[in-house]
Amino acid sequence: MIGENVNNKYLYKGYIPFLKLEDILPVLIATNILPNNLLQKIDLNSISAEIGDMTIELESNEENPIELRKIDADFSKLNFVSNDKSSAINGLQGSLSADDLSLDIKIDSKYPEFRFNNIYTKKIILPNLNAKLGFNKKNYNKLIISDFNILSSEISLSANGKIIFDNIISPFIDINLNL
């Protein structure tokens, strides 16, 4: 990591070929890269993944001890469990790109596992899951979904749309779904 002092601001740039998500999770939380409303629903101790080919730029000054400028990374074996332990996702892979304006996640996974115990007692395994997810960091309440695809011998599903999470019990869902 290289630090550079410009106008009492320190800019740090780095490349990390491999690390565990658990090792950098406190930095990701401190820089608000992940929405707080999402973090409140996940058991943070359950999050694990492998991160590869990560480039990161951080800025530091007297007012803001750490601020994310940009991050690009690949991830694999992403696993997490909900706080109430009723839901879990295992085996996601893809890439992440974020700056001070947006967070974009591309999922390209083979055989990820989903568990939704409140709805269905068996785990769900999908042969192919692809999606592009986007958050505008000014309004983390809106998730944009594009090119969402599930492909298997039993089902072919595609979707595009948005989910708006307000401080109400149920989110607003506007999705175009094709089976």
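Phe116 is partly exposed, with a relative accessible area of 32%. The structure described here is a predicted model.

**Aromatic pairs**

- Across the whole structure, a search finds two aromatic pairs.
- In the pair formed by Tyr10 and Tyr12, the ring centres are 6.4 Å apart and the planes meet at 20°, so the pair is stacked.
- The rings of Phe114 and Phe116 are likewise stacked, because their planes stand at 15°, with the centres 6.2 Å apart.
- The cut-off behind both assignments is that planes under 30 degrees apart count as stacked.
- Phe114 is buried at a relative accessible area of 12%, whereas Phe116 is partly exposed at 32%.
- Tyr10 is partly exposed, with a relative accessible area of 38%, and Tyr12 also counts as partly exposed, at 29% relative accessibility.

- Strand S3 covers residues 48-60 and strand S4 covers residues 67-81; the two run antiparallel and are joined by nine bridges.
- Within this pairing, Glu57 has Lys70 of S4 opposite to it.

- Asp84 is placed in the loop between S4 and S5.
- Asp84 counts as exposed because its relative accessibility is 53%, and the threshold for that class is over 50%.
- The side chain of Asp84 forms a polar contact of 2.6 Å with the side chain of Ser82.
- A polar contact of 2.7 Å links the side chain of Asp84 to the side chain of Ser86.
- Asp84 and Ile42 are 42 residues apart along the chain, and their C-alpha atoms are separated by 8.4 Å.

**Non-glycine residues with positive phi**

- Tyr111 is not a glycine, yet it has a positive phi of about 60°.
- Tyr111 lies in the loop between strand S6 (102-110) and strand S7 (113-116).
- With a relative accessible area of 56%, Tyr111 is exposed.
- Asp147, although not a glycine, has a positive phi of about 50°.
- Asp147 lies within a strand, namely S10 (residues 139-151).
- The relative accessible area of Asp147 is 39%, so this residue is classed as partly exposed.

**Nonpolar surface patch**

- Ile155, Ile173, Ile175, Leu177 and Leu179 make a nonpolar surface patch of about 490 Å².
- Ile173, one of the residues of this patch, is placed in strand S12 (residues 172-178).
- At 52% relative accessibility, Ile173 is classed as exposed.

Technical notes. Residues are numbered from 1 along each chain as its sequence is written. This is a predicted model: local features need pLDDT of at least 70, side-chain atom pairs count only at pLDDT 80 or more; totals for chains, interfaces and linings use all residues. Side-chain values use heavy atoms; hydrogens and water are left out. Two strands pair if DSSP finds at least two bridges between them. Helices (H or I, at least four residues) and strands (E, at least two) are DSSP runs, numbered from the N terminus. Buried means under 20% relative accessible area, exposed over 50%, partly exposed in between (1.4 Å probe, protein chains only). A polar contact is a pair of N or O atoms within 3.5 Å; within protein, one must be able to donate a hydrogen and the other to accept it, and residues adjacent in sequence count only if both atoms are side-chain atoms. Patches are made of residues with over 30% relative accessible area and no salt bridge: like charges are joined within 9 Å, nonpolar side chains (Val, Leu, Ile, Met, Phe, Trp, Tyr) within 5 Å. Accessible areas come from the Shrake-Rupley method with a 1.4 Å probe; for residues, only the protein chains shown count as cover. A salt bridge is a side-chain nitrogen of Lys or Arg within 4 Å of a carboxyl oxygen of Asp or Glu. Rings of Phe, Tyr and Trp (its six-membered ring) pair if their centres lie within 6.5 Å; planes under 30 degrees apart count as stacked, over 60 as edge-to-face and the rest as tilted.
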